[in-house]
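Subject: Structure handover

Hello,

Here is the structure I promised to pass on. Please open it next to this note, and read my findings below.

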Amino acid sequence: MTDQRVGSASSWALAGALSALAGLAVSYLAADLVGGDEAPVAAVAERVIRLTPGGLSERAIRAVGHADKPLLVVGIVVVVTLLSALVGVAARRRPAEWWLPPAAYAVVAAVGFAAVVAQPAPHLPGVFGVVCGYAAWVLVFALLTGPLQTRAPDLPDAPSAGAAHEGSGASRRQFLIRTGLVAAGTVVATYAGRVVGRRRRQVEAARRALELTGVTPPPADAAYDLDVPHQPPWLTPVGDFYRIDTAIVPPAVDPAGWTLRIHGMVDHPVELTFADLVRRPVTEGWLTLNCVSNEVGGDLIGTAWWSGVRIAPLLQAAGVHPDADGVLQTSADGWTCLTPIEVLTDDRNAMLAFAQNGEPLPIDHGFPVRMLVPGLYGYVSATKWVVDLEVTRFDKAQGYWTDKGWSSRGPVKLASRIDVPRGGAHVSGGEVTVAGTAWQQHTGVRAVEISVDGGAWQQTHLAGVPGVDTWVQWRTTVPLHRGDHQVRVRATSATGEVQTSARAAPAPDGATGWHTVDFHVS
Ligand SMILES: Nc1nc2c(c(=O)[nH]1)N[C@H]1C(S)=C(S)[C@@H](COP(=O)(O)O)O[C@H]1N2
Ligand SMILES: [Mo]
């Protein structure tokens, strides 16, 4: 059998090894770029440590000290590189099986993927890292081995044989050039990943070291949960809190360098440092935050225990001019929103928050300081990484989303959601539990009703709430026979407004309509 591919086995091994290193470097860089704390390789290392029987891992840790994780990371990189080199050699011998390298790399990427999603941390950076790393791996392998397969000596067209022979020298040169470029690119990507990641790691360390006096953990005695299986908890864990922002790289803002300017239509412009801010009296409270782009029944909503400083006294001290009607908030990454001045100065708990569920704000949720205003959608009130408050007028200024056609005012609309049963679920017959949540922050919810299969509206049981600024859980049971069923929900606000059935899309000022769920009883 004639070898149809040029290039020595060692060239193919080199191509395999180098493409693995390039892929790994890209996976680190990609994960860092979207704000990951740990790249896929680290996630695999963590999994390995977790899955290693206790005794064994203890012995290993005793042997190598606390270098166990870095050593494991190096070990994984070495193993992956060697595997990829072997795949390269195998690919040389089986030219027809072009799918072999991508398939083999996919297996390795799948291991990284599984490790990433097994972590409690947000998965996006790791998953992004795996996907980009895999793509880079396959592409680089194709790029490097391209020049190695230009000659096919078995081909009958003789005239090309001489050219092919010359081309072989040229392909060798091509291979070396490409190898050099990829090696250089890998070094650059590795370095860039370290630079991008370093700042975030520094800020993360500063965040962990922060001691915030007056910040308390979420009151544990509060019983706002109906504890219905499969229903999201009333208090949203930080790791499950939805995230919406325009930042590709979440800004890493060091509290030591953070300042907040309050200026514009005020008598006394001020600039506060983080130390100035946390010296002030701390305010705390429960608040449900939701996104204007949430669809009916959607999950862009969460509830947390927030701690911070009330904004009203700060504005009062600055001396707001009587003709001002808005505050333009700006974030460290240049995002803006415009908030009516009355909701920042009335008695609601509008705050500059620095803690979520008793811990310093996560970087992704606005560390070190964000705004929160009960009763308004996030896009007109909840600036993360806030650094600037300009007192102004609605006829002079505009926020980021308003500029793109969303409404300039964004009070939260009355809404309700069915969480149990899920759409398309199969549930067992008899008494079927139907449960969910309802909300209209800073107004409150008085009642939630459901209608089964188009029948009469029936009241549900409402859980307790700490006030009017959060969602409320509701539940009921309905006797249902076998077959397909449909349930819908509507809420009534504390002021007596009944939730409208009129369907509206999220744009420009929030979705409306009754959430409806179809399910099957067996
Ligand atoms: N800096 C900044 N702040 C922002 C945004 C943004 O894009 N950039 N998005 C807003 C929107 S639209 C919402 S719904 C909330 C979401 O906050 P979360 O990511 O903490 O849930 O943040 C708001 N604050
Ligand atoms: Mo939003």
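What is the strand order in the open sheet of 5 strands? The order is E12-E19-E18-E14-E15, and the pairing is mixed. E12 (426-427) and E15 (458-459) are the edge strands; each has a single partner, so one side of each is left without a neighbour in the sheet. Inside this sheet, E14 (residues 445-452) and E18 (residues 483-493) run antiparallel and are joined by 7 bridges. Ile 450 stands opposite Val 489 in E18.

Before going on: this is a predicted model.

**Overall**

The protein chain has 522 residues, and 47% of them count as buried. It holds 10 helices and 19 strands. Its C-alpha atoms fill a box of roughly 90 × 70 × 55 Å along the principal axes.

**The ligand**

Ligand 1 has 19 residues around it. Tyr 242, Thr 246, His 365, Arg 370 and Lys 384 come nearest. By class, the shell splits into 9 nonpolar, 5 polar and 5 charged residues.

- Arg 370: an N or O atom of its side chain is 2.7 Å from an oxygen atom of ligand 1.
- Ala 382: a backbone N or O atom lies 2.9 Å from a nitrogen atom of ligand 1.
- Ser 331: a polar side-chain atom lies 3.2 Å from a nitrogen atom of ligand 1.

Taken alone, ligand 1 exposes 540 Å², and the protein buries 99% of that.

Another open sheet has 4 strands, in the order E11-E13-E17-E16, with antiparallel pairing. Its edge strands are E11 (415-420) and E16 (461-462), each pairing on one side only. E11 and E13 (residues 430-439) share 5 bridges in the antiparallel sense. Val 420 has Ala 435 in E13 as its bridge partner.

Stay at Val 420 for a moment. The peptide bond from Val 420 to Pro 421 is cis, with omega near -5 degrees. Pro 421 sits in the loop between E11 and E12. A cis peptide bond also joins Ala 507 and Pro 508, with omega about 5 degrees. Pro 508 is in the loop between E18 and E19 (516-521).

E1 (residues 259-264) pairs with E2 (residues 270-273) through 4 bridges, and the two run antiparallel. A hairpin of 5 residues joins E1 to E2. Leu 260 has Leu 272 in E2 as its bridge partner. E1 is also joined to E10 (residues 386-392) by 4 bridges, this time in parallel. There, Ile 262 is partnered by Leu 389 in E10.

Val 327 is found in E5 (residues 326-331). Is Val 327 buried or exposed? Val 327 is buried, because its relative accessible area is 1%, and the cut-off for buried is under 20%.

**Helices**

H1 (residues 9-33) has 25 residues, which should span 36 Å at 1.5 Å a residue. Its end C-alpha atoms are 36 Å apart, which agrees. H1 is mostly covered, with 18 of its 25 residues buried. Gly 35 follows H1 and has a positive phi, near 85 degrees.

H2 (residues 40-51) has 12 residues. From first C-alpha to last, H2 reaches 16 Å, close to the 16 Å expected at 1.5 Å a residue. Buried residues in H2 include Pro 40, Val 41 and Ala 42.

Trp 385 is not a glycine, but its phi is positive, about 50 degrees. Trp 385 lies in the loop between E9 (370-372) and E10. At 2% relative accessibility, Trp 385 counts as buried.

His 442 also has a positive phi, near 70 degrees, and is a residue other than glycine. His 442 lies in the loop between E13 and E14. At 26% relative accessibility, His 442 counts as partly exposed.

Best wishes

Key. Residues are numbered from 1 along each chain as its sequence is written. Chains are lettered from A and ligands numbered from 1 in the order in which they are written. This is a predicted model: local features need pLDDT of at least 70, side-chain atom pairs count only at pLDDT 80 or more; totals for chains, interfaces and linings use all residues. Side-chain values use heavy atoms; hydrogens and water are left out. A residue is near a molecule or strand if one of its heavy atoms lies within 4 Å of it. A polar contact is a pair of N or O atoms within 3.5 Å; within protein, one must be able to donate a hydrogen and the other to accept it, and residues adjacent in sequence count only if both atoms are side-chain atoms. Accessible areas come from the Shrake-Rupley method with a 1.4 Å probe; for residues, only the protein chains shown count as cover. Ala, Val, Leu, Ile, Met, Phe, Trp, Tyr, Cys and Pro count as nonpolar, Asp, Glu, Lys and Arg as charged, and the others, Gly among them, as polar. Two strands pair if DSSP finds at least two bridges between them. The expected span of a helix is 1.5 Å times one less than its number of residues. Buried means under 20% relative accessible area, exposed over 50%, partly exposed in between (1.4 Å probe, protein chains only).
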